[in-house]
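Visitor: I have a chain to look at today. Please show me the sequence and the structure, and then I will ask.

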Amino acid sequence: MPIANKTFVTIKNSATRKNLLASLLILFLLSVVSPASFSTTVNSQVCFLSSGTWANSRLTQAQSGSFRIAFDATPSGPNIDAVHGLSSVRAFSFATMFVAVRFNTRGHIDARNGSAYTAESAIHYHARTTYRFILDVNVATHTYNAYVMNGSTQTTIGKGLAFRNQLAPTSSLDYVAAMTIKGTSTFCNIRLNSSSMAASIITQPLGQSVTAGQMATFSVATNGSAPLKYQWMKNGVAISGARSSKYSTPITTSTDNGAQFRVSVSNASGTATSKPALLTVTAPIIAPAITLQPVAQSVSAGQAVSLSVAATGTAPLTYQWSRNGSPIIGATFSLYTTARTAASDNGSQFTVRVSNSAGKVVSIPATLTVKPAAVPPGCLLSAGTWVSTPLAQVQTSSFRVQFDVTPGAAIENGISGMSAAPGAAYTDLAAAARFNPSGMIDARNGGTFSAATAIPYIAGTAYHFILDVNIGTHTYNAYVMLGSQLVTIGTNLAFRTEQVSVSSLAYLSGLTVTGSETICNAVTTTSAAATLLLNSSVSRLNFRNVNVSSSNTQNITMINAGNSSVTIAQVMVAGAGFNTTGASGVTIAPGETTTLASTFAPSASGTATGKITVSSNATNSPASISLSGTGVAAVPHTVALSWAPAVTGVIGFKTYVSMVSGGPYVQMGYLPSTTPAYTDSSVQSGQSYFYVVTAVDASNHESLYSSEVAAIVP
């Protein structure tokens, strides 16, 4: 923009400076006493030069309302530091500038907004190019809009900018001022327009979300010359009395959901209408209430029981069933079906807690009555007494005997096996299988009981036992069917020590010391059928939660359940994050086992699935084991255990853990603890753990397991 035919005023520290300022002051005073016009040009033929000093030009009259002022400014270089703006007194420091635009040292134009400079976009400036600045100022609200023109193009520097922090309380502006610290700049053609600023909206009203029965409040921030008039509308219809910058609805109902609210703002210079603000009204959350309580049940031992509850309340409702005050893992629906009951379940009380985000309610206890089960025809029932049934014929060489045994309790001590005469003592049994007090199945091997793998039993479930007996060698193999899978209890087991010289076996006998059991369907054959059978210890493997970038390894036992050698030709694994080693190319003799090590190492969070396929020459090949696990972000958790202090003679305690209720259990740590407490820091989120404790004396004799306790890690 040309600046010819202008008079430049350079402010310096000299007498000339004082004379010029005096002349300018007289010129300003003359203009003040003249009648003020709607639009005034201030010193249109004078340009002010700032070069390391403050330059000031007084307005024709102080401005205390809304006004527009425009002026030209020309930077001498591409990276100067020059500020132009408005003050209420002659500017002598940056802190006296209420309103300011700037040529900054990075080569951009910006404007003051409270405590800092800002710009809506990057506005580059060039040396010796004239820029036209336009400032729309509202002294009453201490805000302004700033624009710059380069030729015919107008660019917004900022809207709704706040006066400088230190100076916001001012009531009028009197001077145009400039200061250039680096380089020089001029400002000319100051034009003041004190017309009304049209109403505009700075901050749009925001959508609101409330619950039915609450009020919603909308607000708008505006700019423009006073007086400003407001009118709020709902769905396009004016709301009576809603004539301020804020509007609060009456108490809302569900019919208000989706309503749109706008506001129009007007003054003498124009009207602005806001964007619509959406009102979302949600239904109130109602706490749960039980409408149908669980009903007491009476069944015979071995039967399952179904309990149900009906409740009302805002969805989603969550359920948690408890037995005798302890939560039942996985019982989280309105209907709960127990496992097969045992005599020990008699008198149990079941409750259910129903909850949602508004509250919770617990049902009235429902009592379970368990009556003794009727003994099926041809079966034996032992409940603290010895029972026996003769074999079809006396056996003197090799034979196979098969029979079904159903435990009446989850933890009992019941044994069944072969004897020469009706059983009357443990020493009468040459070959025997047992439901032991730790909740596992094992078999007699000489002077002790053992098992090739951990085999838990469940109350009320019938287990099919197979004993391949060789009286000549006084040895036997013991198996149990778990569903359709044959699981080896032990092979080449020795007869009980007291029966090493027995020459015949003629009876199936049994005794249950604690709990009860029924023995049915005894069948004997003189020789074991030839089979090629390869079984796995599990049909599915769940690694549960495993931390990302770590791993969890579990072993799978492959068992030759036949009477001929089995060769594993290939082991294949599918599924991201899963790997398996071992067993490939291995030949397994009858009754022997080999181990597969399966590892889950997730690389990312989320559920993963896979499968192991074992191919062999067995008739049931290939064997498949499904895999699953969940990768989770690592979150540290601990389980703290404590129990009653030791009695006399106890020197320490061993702590055991299992991922399954009833075991098998794994010892925690290598040495017994000397205090009645233990902290497990290896637990993972989302897992359930089951703990038991034993006491150890000075001779390293270990007690039976304590009662089991469960810990659910959140």
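Visitor: What percentage of the 714 residues of the chain count as buried?

Guide: This is a predicted model, where local features need pLDDT of at least 70, side-chain atom pairs count only at pLDDT 80 or more, and totals for chains, interfaces and linings use all residues. Residues are numbered from 1 along each chain as its sequence is written, and side-chain values use heavy atoms, with hydrogens and water left out. Buried means under 20% relative accessible area, exposed over 50%, partly exposed in between (1.4 Å probe, protein chains only). By that rule, the buried share of the chain is 42%.

Visitor: How many helices and strands are there in the chain?

Guide: Both are DSSP runs, numbered from the N terminus: helices are H or I with at least four residues, strands are E with at least two. The chain has 1 helix and 61 strands.

Visitor: In which strand is arginine 544?

Guide: Look at residues 540-547. They form the strand that holds arginine 544, and its label is S48.

Visitor: Is arginine 544 buried or partly exposed?

Guide: Its relative accessibility is 33%. Therefore arginine 544 counts as partly exposed.

Visitor: Which residues does arginine 544 touch, not counting residues up to four places away in sequence?

Guide: A contact means heavy atoms within 4.5 Å. With residues up to four places away left out, arginine 544 touches Ser628, Gly629, Thr630, Met659 and Gln687.

Visitor: How far apart in space are arginine 544 and proline 437?

Guide: In sequence they are 107 residues apart. In space, C-alpha to C-alpha, the distance is 28 Å.
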